[in-house]
Amino acid sequence: MSAEEEEEQPEAEAEEEVDTEGDEMAAKLFGTWDVSNIEFNDPSTERYINITPVAHTMGRHASKQFQKSEVSIVERLINRLMQTEENTGKKQQTMKIVRSAFDIVHDRTEENPVQVLVRAVENAAPREETVRLKYGGISVPKAVDVAPQRRVDQSLKFIAEGALGASFKTSTDAEEALASQLIGAADYDVQTYAVNQKEEKERVAAAAR
């Protein structure tokens, strides 16, 4: 090997190291949180909880039926938090709230906040609910199993409603309220709004069997 080839080899290795570091940074949510080693405890909802480092897809799935499950669960939480009169359309503001809430979750639990979110969604997802059937003009509640995709939808709804209820017209910041909801749901704390709503739905369904 010539002296010129020996000099070129370290430069090539250095370039490879830079590219690898760039790939690692690109695979992190908000440039901070790794999403490659997230664990799932509920096999029924696993395929509907999508984990990607992309927090804003610019609505490319909006016009496709059932494509919401292809959107990151973090972005779906952000979108759900916007579904109020005060926050409609304020995506950048909502993303900042979620980013700050993730930092709070990490400080309190020393866990990856994406993992905490996944566990919270799994724990707050109701397994049964009721529908109303009419028999001769009389409405009768009937317990039914909840589809996995709807379970995730309901879970995100409960988490967003809990965060809104705890922060709206109170001294509690939205970031603190959201972080408390995520930590409480991840720990299956029945005092948390999301878990309480799940338990209530299942309690009503059990009575209607």
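Biologist: Leaving aside its neighbours within four places in sequence, which residues is glutamate 128 in contact with?

Modeller: This is a predicted model, and in it glutamate 128 is in contact with Ala143, Val144, Asp145, Val146, Lys201, Glu202, Ala205, Ala206 and Arg209, once the neighbours within four places in sequence are set aside. Glutamate 128 itself has its place in strand E3, which covers residues 128-135.

Biologist: Does one read glutamate 128 as buried or exposed?

Modeller: Buried means under 20% relative accessible area, and glutamate 128, with a relative accessibility of 16%, therefore counts as buried. Its side chain also makes a polar contact, at 2.7 Å, with the side chain of arginine 209. For the protein as a whole, 39% of the 209 residues count as buried.

Biologist: Turning to helix packing, at what angle do H3 and H6 pack, and how far apart are their axes?

Modeller: Helix H3, residues 91-109, packs against helix H6, residues 174-186, at an angle of about 55°, and the axes are 8 Å apart. Angles from 65 to 115 degrees would count as roughly perpendicular and those under 35 as roughly parallel, so H3 and H6 are oblique to each other. The crossing of these two helices, H3 and H6, is right-handed.

Biologist: Which residues of H3 and H6 meet?

Modeller: On the H3 side they are Ile97, Val98, Ser100, Ala101, Phe102, Ile104, Val105, Arg108 and Thr109, and these meet Ala174, Glu175, Glu176, Leu178, Ala179, Ser180, Leu182 and Ile183 of H6.

Biologist: Why does phenylalanine 66 count as exposed?

Modeller: The cut-off for exposed is over 50%, and phenylalanine 66 counts as exposed because its relative accessibility is 54%.

Biologist: Finally, what pattern does the protein follow along the sequence?

Modeller: Its secondary structure comes to 7 helices and 4 strands, and these follow the pattern α-β-β-α-α-α-β-β-α-α-α when read along the sequence. Among contacts between residues at least 6 apart in sequence, 61% join residues at least 24 apart.

Terms used: Residues numbered from 1 in each chain as written. Predicted model: local features only at pLDDT ≥ 70, side-chain atom pairs only at ≥ 80, totals over all residues. Heavy atoms only, no water. Axes fitted to C-alpha atoms, helices over the stretch in contact; angles between N-to-C directions. Parallel < 35°, antiparallel > 145°, perpendicular 65-115°, else oblique. Left-handed = near helix turned anticlockwise from the far one by under 90°. Contact = heavy atoms within 4.5 Å. Buried < 20%, exposed > 50% of the residue type's maximum accessible area, 1.4 Å probe, protein only. Polar contact = N/O pair within 3.5 Å; in protein donor to acceptor, adjacent residues only side chain to side chain.
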